Amino acid sequence: MALPSGERIMNFCSNCGSALESFVPDGDNVLRKGCLSCGFIHYINPTILVACVVHADDRVMWIKRRTEPRINTWSLPSGFMELGETLQEGALRELYEETGLKASPRELRLYSVGTIEAINQVHVHFRLPYKGQDFLRETAEASEVRFLKYEELHGRELAYPVLNLSSQTFYQEMKASKYGVHIGRIKSSGDIEVSQAGLSIDAPMKVFSSNRLHEFR
Ligand SMILES: [Zn+2]
């Protein structure tokens with residue numbers, strides 16, 4: 001049995017500093033790294049990346065990355081969710097950090113959820129209809145912030161292959177002003193295997209007080 005792919009190598013217990021062993025803990029069925037000295041099991045779970053697709057007419061807001069990885073390539077405002085914030089709060093925090101644009105969680109619409117098993121990540125994209133808010137042309141994280149038409153993406157290197165396909169779909173949907181909610185698996189090649197799409201939901205998401213997120217309307 002192999003450890004799940006993409007798992008970071010961890011050799012020492014973060015609880016007591018002893019060397020870690022790989023074993024299947026009692027009552028579990030997954031090979032994990034655990035500590036025989038203090039009994040601590042190091043569970044490693046996927047990380048969640050949140051992104052905002054800010055759109056106006058036929059344009060989408062892109063940033064040119066000022067930092068590694070993939071410095072100087074174009075990406076959507078995005079980053080990893082922090083503890084203690086909701087998906088929407090995380091997406092808007094990243095948007096603000098990278099572009100200076102402020103919006104309310106209620107303005108966000110769920111757009112896509114993609115699982116990338118190869119790198120243990122789940123990417124959640126929200127879209128945000130642009131309402132003329134101020135934003136910065138450059139920030140500490142972006143050397144350029146620009147609204148670009150689909151044609152204007154041509155010749156620009158995108159940060160990740162998956163952005164080529166997903167942005168193509170988004171621009172197409174934008175033309176018709178009909179947006180789906182896409183749920184799928186993103187392969188390491190950048191291909192997308194969509195398991196559920198085209199629900200054509202174009203209404204504010206309900207605010208949920210529980211973990212049940214299946215009742216989109
Ligand atoms: Zn330990």
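Me: Which way do β4 and β9 run, and how many bridges join them?
Reply: They run parallel, and nine bridges join β4 to β9, which spans residues 121–129.

Me: Which residue of β9 stands opposite valine 54?
Reply: Leucine 128 does.

Me: And what about β7, parallel or antiparallel to β4?
Reply: Antiparallel, with three bridges between β4 and β7, residues 78–80.

Me: What holds paired strands to each other in general?
Reply: Backbone hydrogen bonds, whether the strands are parallel or antiparallel.

Me: How many bridges are there between β4 and β5?
Reply: Two, and the pairing is antiparallel; β5 covers residues 59–65. Histidine 55 is placed opposite valine 60 of β5.

Me: How many residues lie between β4 and β5 in the hairpin?
Reply: Two residues lie between them. Aspartate 57 is in that turn, and its phi is positive, about 50 degrees.

Me: Changing topic. What order do the strands take in the open sheet of three?
Reply: The order is β1-β2-β3, and the pairing is antiparallel.

Me: Why is one side of β1 and of β3 left without a neighbour there?
Reply: β1 (21–23) and β3 (41–42) are at the edges and each has a single partner strand, so one side of each has no neighbour in the sheet.

Me: Which residue in β3 is opposite glycine 34?
Reply: Isoleucine 41. Strand β2, residues 32–34, is joined to β3 by two bridges, and the two run antiparallel.

Me: Now the whole chain. How many helices and strands?
Reply: Three helices and twelve strands. The chain has 217 residues, of which 22% count as buried.

Me: What share of the contacts join residues at least 24 apart?
Reply: 55%, taken among contacts between residues at least 6 apart in sequence.

Me: What is the mean pLDDT of the chain?
Reply: The mean is 85, and 83% of the residues reach 70 or more. Over residues 198–217, though, the pLDDT is below 50. That stretch has 19 contacts in the model beyond near neighbours in sequence.

Me: How should low-pLDDT coordinates be read?
Reply: Where pLDDT is low, the predicted coordinates should not be read in detail.

Conventions: Residues numbered from 1 in each chain as written. Predicted model: local features only at pLDDT ≥ 70, side-chain atom pairs only at ≥ 80, totals over all residues. pLDDT = per-residue confidence, 0-100. Contact = placed C-beta atoms within 7 Å. Pairing = 2+ DSSP bridges. Helix = DSSP H or I, 4+ residues; strand = E, 2+ residues; numbered from the N terminus. Buried ≥ 20, exposed ≤ 12 C-beta atoms within 10 Å, placed from the backbone.
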